[in-house]
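Thanks for coming. I have one structure to go through, and I will keep it short.

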Amino acid sequence: NRPSGIYITVQDITEQKLKNKALKESEHQFNLIADSIDAMVSYVDSDLIYRYVNRRYEEFYKKSKDQLIGRKVADTIPDNGFKVVKPYIEQALNGKSVSFETTIPNNSVHRRHVLVNHIPDFDDEGNVKGFFVLLNDVSEQRDMERALIGHETQLKKAHENAAIGTWEFDINKQACFFSEASKQIFDISDIETYDRDLILSRVHP
């Protein structure tokens with residue numbers, strides 16, 4: 001019953017080792033790039049489970065990668081945020097790239113206005129295996145736009161109350177734009193745009 005010998009098998013795994021090394025280097029480079037940009041980046045599989053989030057994503061939701069990766073999207077977005085994005089997620093899972101703006105909570109006092117892109121990821125057979133999420137916080141830009149509109153509205157009301165006429169000339173359109181008070185002062189009709197020569201003809205020399 002004593003063994004008379006042994007069989008030895010040898011397999012060359014050099015190519016596999018090189019592939020694994022290249023994959024790790026590629027992942028490392030991707031992480032460096034993803035963490036260096038200001039946008040929030042994540043990857044969600046077809047079961048709606050986070051498989052990757054970058055540094056900005058952690059900061060935005062105030063959660064670590066360990067608290068996000070491996071968890072359902074619906075369990076990580078506070079309040080009713082998932083209901084807001086669910087229709088767009090379904091489009092991505094159907095193979096359609098989607099871009100939209102919305103407001104979502106991020107575990108802070110205020111809701112944030114974001115620009116979101118969902119990019120589907122396909123396997124070799126053309127099936128959707130997940131999607132990338134590129135999310136930009138545009139809250140400050142939208143706040144500035146609303147503030148600017150508010151200031152313009154207030155200025156317009158102030159001019160109307162003081163019966164001050166204003167007009168401006170658009171170089172690109174080669175047209176003048178008049179406030180209501182200006183139309184009354186220059187005795188012109190309710191049309192909004194005029195040739196510059198018209199306003200010059202109504203100004204006292």
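This is a predicted model: local features need pLDDT of at least 70, side-chain atom pairs count only at pLDDT 80 or more; totals for chains, interfaces and linings use all residues.

Residues are numbered from 1 along each chain as its sequence is written, and side-chain values use heavy atoms, with hydrogens and water left out.

First, the chain as a whole. The protein chain has eight helices and eight strands. Those are DSSP runs numbered from the N terminus: H or I over at least four residues for helices, E over at least two for strands. Of the 205 residues, 29% count as buried. Buried is under 20% relative accessible area, exposed is over 50%, and partly exposed is in between, with a 1.4 Å probe and protein chains only. For contacts between residues at least 6 apart in sequence, 31% join residues at least 24 apart. Contact here means heavy atoms within 4.5 Å.

Next, the core. A nonpolar core is a set of buried Ala, Val, Leu, Ile, Met, Phe, Trp, Tyr and Cys residues joined through side-chain atoms within 4.5 Å. The largest one has 23 residues, and the members touching the most others are Val-44, Tyr-50, Tyr-57, Val-85, Ile-104, Phe-131 and Leu-135. At least two core residues come from each of β1 (40–45), β2 (50–53), α2 (55–61), α5 (81–93), β3 (98–104), β4 (112–122) and β5 (128–137). The biggest contribution, four residues, is from α5. As for Val-85, beyond its neighbours within four places in sequence, this residue contacts Ile-77, Phe-100 and Ile-104.

How many cavities of 30 Å³ or more does the structure hold? One. The largest cavity has a volume of about 110 Å³. Among its 16 lining residues, Tyr-57, Ile-77, Val-85, His-118 and Val-133 are the closest to the centre. Two or more lining residues come from each of β1, α2, α5, β3, β4 and β5, and β5 has the largest share, with three. The lining splits into 14 nonpolar residues, two polar and no charged. For the method: on a 1 Å grid over the protein atoms alone, a cavity is a set of points where a 1.4 Å probe fits but cannot get out, and lining residues have an atom within 4 Å of a point. Grid points are joined across faces, edges and corners, and the volume is the space filled by probe spheres set on the points. In the residue classes, Ala, Val, Leu, Ile, Met, Phe, Trp, Tyr, Cys and Pro are nonpolar; Asp, Glu, Lys and Arg are charged; the others, Gly among them, are polar.

His-118 sits in strand β4. Is it buried or exposed? His-118 counts as buried, at 4% relative accessibility. Leaving out neighbours within four places in sequence, the contacts of His-118 include Tyr-88, Ile-89, Phe-100, Phe-131 and Val-133.

Now Lys-129, in strand β5. Lys-129 is partly exposed, with a relative accessible area of 41%. Not counting residues up to four places away in sequence, Lys-129 touches Tyr-43, Asp-45, Ser-46, Asp-121, Phe-122 and Asp-123.

Two residues to check in the backbone angles. Leu-48, in the loop between β1 and β2, has a positive phi of about 60° although it is not a glycine. Leu-48 is buried, with a relative accessible area of 19%. Lys-62, in the loop between α2 and α3 (65–68), is also not a glycine, and its phi is positive, near 55°. Lys-62 is exposed, at 53% relative accessible area.

Last, Asp-38. This residue is in the loop between α1 (14–36) and β1, and is exposed, with a relative accessible area of 61%. Asp-38 and Leu-135 are 97 residues apart in sequence, with 9.5 Å between their C-alpha atoms.

Technical notes:
On a 1 Å grid over the protein atoms alone, a cavity is a set of points where a 1.4 Å probe fits but cannot get out, and a pocket is an open set with protein on both sides within 12 Å along at least five of seven lines; lining residues have an atom within 4 Å of a point.
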